[in-house]
Amino acid sequence: MIIKMAWKHICSRPISGILTVAGATLVLTLLGSFWALKDNLSHVQSTSIETPSNVHVFIKTGTLNAEVKNVVAIMQGSTLLEQVRVVSSDEAFKEFENEFGETLSKAVSENALPIMITGNMIKGQIKRKDLNNLVEKLKKHPTVLDVDAGAALNIGSIESETEARVVNWAFVLFVLVFSIVALLISHLIRLAFEGNKEDIETMKVLGATKFWIFTPMLLEALFYGLVSSALTIITLNLSIQYILPAFANVLLPKNFDFFTLSISSWFGVIGVAIGASLLGAVMTWPLVRKPARRS
Amino acid sequence: MRNYSNPFVVEMRDVDRDFDLGPGQAGKSAGPVKLHALARVSLKLSHGEFVFLTGPSGAGKSTLLRIIMGLDNPSSGEVITLGKNLNQMSETKRRQLRQEIGLVFQDHKLLPTLNVFENVELPLSFRGLATKERNRRVEEMLEVVQMKDHMFSPVHVLSAGERQRIAIARALVTCPSLIIADEPTGNLDPKSARGLVRLLRELKGHGTTVLIATHDMGLVRDFGGRILELVGGTLPSQRNKIAQHNAYKIPRFWRTAEKS
């Protein structure tokens, strides 16, 4: 019976309902897009084609075996890497040859090559800050000549200042979007409440408790929250695929590999939609509490 | 369960109800003009009483009923309904109290979203009765008011008389100790009206107090019972100058016109 009443509320203002859902979807997409920029700044996608998924460490030729093992231990101790191994001279030489051609084999002998240790980055998104810390730690080791973590490190220098700015704006936007969605849904529920005032007053007169008045409103808000979330998933995907990459270069470094939103941010956007909708319902509590007045 | 610990179902002591009508002709400094809807009304309704509340329009019948139901507060005086003092009662408690009262209105007040069955079931749902018990009671109640065939019909397809029978079923389905009916026969033909009042009068034998507000003096004469006549917001025993003051008068310009 409560579901039937909630459905009546929803159907009582179809145009307002559609406009509210559209408005909520729009602001949620905006928030999600901004969060995508933030995610791209702070994370590196280790599984994408453009970003190398390995970390290569080059150690001075002739370093003692114990020292090499020490560097391997540092890499194995990191949660960001898996399958850490010392690349054999043969293998390293072939890789260099493949990359730089025959000239290299003529210029240097196999014995003159640095020792190379390689580790695969864990699959998924890695925090750029954590990767930077690992690289810095390895570079400080006296035997290490160089560390190559690919494009992931290229924006390391600009990360802190830009990211701080983006994170601040993302928070401001989060508060704004949460408030807007809550107000939109609350306003819509108030409209539906006014539309069904006669019935609600009758229910109050007959002795309906606050549960009976409030639950249909809560279900109504949940409905709008879920519909807005579903639409936001579609529009945000489109935004990330077609719109954001074009605008990302304005904020992010050039040739930046733009990847999708992190799983936690997806849940964040859906959480904002549902949370704000439920808050919108709670904001109508004074109407529920209002005593019945029957003429 | 009926509570007979209190000898009265409704008890009102010196109840006044004034409505502010805003500033009068004398302006704001003279204070707001007040309408005395009820003036020092005292009454007691016992268990199983069948009472007609009559009086002209504007006499305060609906105000009196609203105060008994806890939908309005008296300006002064004390109201005790079903043994509970309404003066000190929160809105939540008032709603719970109304679950114990059967209410019938002139315009039925059925919920158009719900079908006949669900409308009658509503007060039982508010009280949290089990589904099986709810179904049993609603079916039996609809049989009593001869509406079982329309059990799942939407209410908007029913006639005014049929809707009123559904409203009666909704009021009786909780076995209330008190039934308050505000002009229940206003939209009904004489035959249906008499049938309805007859049904309500039968409840008297089951210890239920029935209070019916009506204009229909024919019904009052035919069915008897206790009669409370409200005039100008007062009951007969308490009638005073306020009542006379509220009576209609021929305007002064008529008298002037007669002379010229």
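Q: How many bridges join strand 3 of chain B to strand 9 of chain B?
A: There are 4 bridges between strand 3 (residues 50-54) of chain B and strand 9 of chain B, and the two run parallel. Keep in mind that this is a predicted model.

Q: Which residue is the bridge partner of B:V51?
A: That would be B:R226, in strand 9 of chain B.

Q: And what sheet do those strands sit in?
A: An open sheet of 5 strands in chain B, ordered 6-7-8-3-9, with parallel pairing. Strand 6 (101-105) and strand 9 (226-229) of chain B are at the edges with a single partner strand each, so one side of each has no neighbour in the sheet. From one strand to the next, the twist averages 15°.

Q: What holds paired strands together in general?
A: Strands of a sheet pair through backbone hydrogen bonds, in either a parallel or an antiparallel way.

Q: Which strands does helix 1 of chain B lie across?
A: Helix 1 (residues 61-69) of chain B lies across strand 3, strand 6, strand 7 (178-182) and strand 8 (209-213) of chain B. Its direction is at about 150° to strand 7 of chain B.

Q: I've been looking at B:T209. Where is that one?
A: B:T209 lies in strand 8 of chain B.

Q: Buried or exposed?
A: B:T209 is buried, because 23 other C-beta atoms lie within 10 Å and the cut-off for buried is 20 or more.

Q: What is B:T209 in contact with, beyond its neighbours within four places in sequence?
A: The contacts of B:T209 are B:V9, B:L45, B:H47, B:G48, B:E49, B:S177 and B:L178. Take B:V9: B:T209 and B:V9 are 200 residues apart in sequence, yet their C-alpha atoms are 7.4 Å apart in space.

Q: What about chain B as a whole?
A: Chain B has 9 helices and 9 strands. Of its 260 residues, 40% are buried. Among contacts in chain B with a separation of 6 or more, 69% are between residues 24 or more positions apart.

Q: Switching to helices: how do helix 3 and helix 4 of chain B cross?
A: The axes of helix 3 (residues 116-126) and helix 4 (residues 131-144) of chain B come within 10 Å and cross at roughly 130°, so the two helices are oblique to each other. The crossing is right-handed.

Q: Which residues meet there?
A: From helix 3 of chain B, B:F117, B:V120, B:E121, B:L124 and B:S125 meet B:R134, B:R137, B:V138, B:M141 and B:L142 from helix 4 of chain B. By class, that contact has 6 nonpolar, 1 polar and 3 charged residues.

Q: OK, on to chain A. What sheet does it have?
A: In chain A, 4 strands form an open sheet in the order 3-4-2-6, and the pairing is antiparallel. Strand 3 (81-87) and strand 6 (144-148) of chain A are the edge strands, each pairing on one side only. Strand 3 and strand 4 (residues 115-121) of chain A pair over 5 bridges, and A:V86 has A:I117 as its bridge partner in strand 4 of chain A.

Q: Which helix lies across strand 2 and strand 6 of chain A?
A: Helix 6 (residues 128-140) of chain A does, at about 165° to strand 6 of chain A. Helix 3 (residues 65-77) of chain A also lies across those strands, as well as strand 3 and strand 4 of chain A.

Q: Last one: how many residues from each chain take part in the contact between chains?
A: The contact takes 18 residues from chain A and 17 residues from chain B. On the chain A side, helix 8 of chain A gives the largest share, 4 residues. By class, that side has 8 nonpolar, 3 polar and 7 charged residues.

Methods. Residues numbered from 1 in each chain as written. Chains lettered and ligands numbered in written order. Predicted model: local features only at pLDDT ≥ 70, side-chain atom pairs only at ≥ 80, totals over all residues. Axes fitted to C-alpha atoms, helices over the stretch in contact; angles between N-to-C directions. Parallel < 35°, antiparallel > 145°, perpendicular 65-115°, else oblique. Left-handed = near helix turned anticlockwise from the far one by under 90°. Contact = placed C-beta atoms within 7 Å. Nonpolar A, V, L, I, M, F, W, Y, C, P; charged D, E, K, R; others polar. Buried ≥ 20, exposed ≤ 12 C-beta atoms within 10 Å, placed from the backbone. Pairing = 2+ DSSP bridges.
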